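Trainee: I would like to learn how to read packing in a model. Could you walk me through one?

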Amino acid sequence: MAPRTLANSHPTLLPLLAPGVSVLDVGSGPGALTAEIARRVAPGRVVGLDVNREMARLAAEQHASPLIPNLVFAVGDIRAAEWHGEFDVVNAARTLQWIPDCPTALSRMVRATAPGGRVVAMDADLARVEWSGPPRPWSRFVSAFLEWRAAQGLENTLASRLPELLRKSGLAEVESVPRVTRVRATDADFFRLAGAWRMLAESRGRQMVAAGLLGERERSLALASFTRWMQRPGAAQTTWEACAVGRRQ
Ligand SMILES: C[S@@+](CC[C@H](N)C(=O)[O-])C[C@H]1O[C@@H](n2cnc3c(N)ncnc32)[C@H](O)[C@@H]1O
């Protein structure tokens, strides 16, 4: 996730950032995007929130004060957040798709936003990702992945549902910007974007094995076949994402 920049992975947020704007970045992960946000809005206050303690620690080590004085990282679940109207922008990039109860998460995001401020949510339609001529073990892994997610109440087509969810959470002037990204083996971004799926088979794949949804042999076969697929000259990956923005009334 580290090489992500706002320009290459979350461009809809860029026009909302200006010096002095305060931002809550929900699901800040390794903090690369949060750090870029903080640099763009300085001296505006920026908080990166992540439920994963280790992730928040690493992000703080690499980016937070004193390196970037207007940035702090906090550990916590957005569904239990207690901020009230404190931020001009509350952003969640690729985070709601990992939270089983999106409406609760969104309601806390709305509550943390100042009246007139913006809530920004960017997520993928994971069930729509396409690979050219995918190896069979990889297709099996992806089916198991979607099944594993659904079993935990995670939405596999969240990008399409974001506008409806934002409206239901009481936001006004909701707009959604769809983004289809097709990368081929020869594109500079191919290894970053296809590699994210490879990493997923490494990390989430192990959780799927532990949950009994996949055998370890199936997981390693999928990983090996996808790694070989990535080296094919004709390999191409297409992803569907959307970024929805709404105004707190
Ligand atoms: C896929 S990462 C996205 C990181 C970053 N926003 C980006 O786009 O590069 C999702 C992050 O959301 C965090 N997360 C998941 N559920 C959360 C919750 N309920 N509250 C806060 N953070 C959460 C995860 O720990 C993970 O670091």
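**Reading the packing**

Mentor: Gladly, and keep in mind that this is a predicted model.

Trainee: Which residues have the most contacts inside the largest nonpolar core?

Mentor: Leu162 is one of them, alongside Leu24, Val90, Met109, Val120, Ala121 and Leu166, in a core of 47 residues. There is also a second, separate core of twelve residues, including Trp138, Met208, Leu214 and Phe226.

Trainee: Is Asp25 buried or exposed?

Mentor: A residue counts as buried if 20 or more other C-beta atoms lie within 10 Å of its own. Asp25 has 29 within that distance, so it is buried. Asp25 belongs to strand 1, and its contacts, not counting residues up to four places away in sequence, are Leu33, Thr34, Ile37, Val46, Gly48, Leu49 and Asn91.

Trainee: Why is helix 2 described as largely enclosed by the rest of the structure?

Mentor: Count the buried residues along the helix. In helix 2, which spans residues 32-41, seven of the ten are buried, so the rest of the structure largely encloses it. The buried ones are Leu33, Thr34, Ala35, Glu36, Ile37, Ala38 and Val41. Their packing partners are helix 1 (6-9), helix 3 (53-63), and strands 1 (23-26), 2 (46-50), 3 (71-75) and 4 (87-93).

Trainee: At what angle do the axes of helix 7 and helix 8 cross?

Mentor: At roughly 175°, with the axes of helix 7 (residues 190-210) and helix 8 (residues 216-230) coming within 10 Å. Angles over 145 degrees count as roughly antiparallel, so that is how helix 7 runs relative to helix 8.

Trainee: Last one: how many residues surround the ligand?

Mentor: There are 20, and the closest are Gly27, Gly29, Val51, Asn52 and Ala93.

Definitions and conventions. Residues numbered from 1 in each chain as written. Predicted model: local features only at pLDDT ≥ 70, side-chain atom pairs only at ≥ 80, totals over all residues. Near = placed C-beta within 6 Å. Core = buried A, V, L, I, M, F, W, Y, C linked by C-beta atoms within 7 Å. Helix = DSSP H or I, 4+ residues; strand = E, 2+ residues; numbered from the N terminus. Contact = placed C-beta atoms within 7 Å. Axes fitted to C-alpha atoms, helices over the stretch in contact; angles between N-to-C directions. Parallel < 35°, antiparallel > 145°, perpendicular 65-115°, else oblique.
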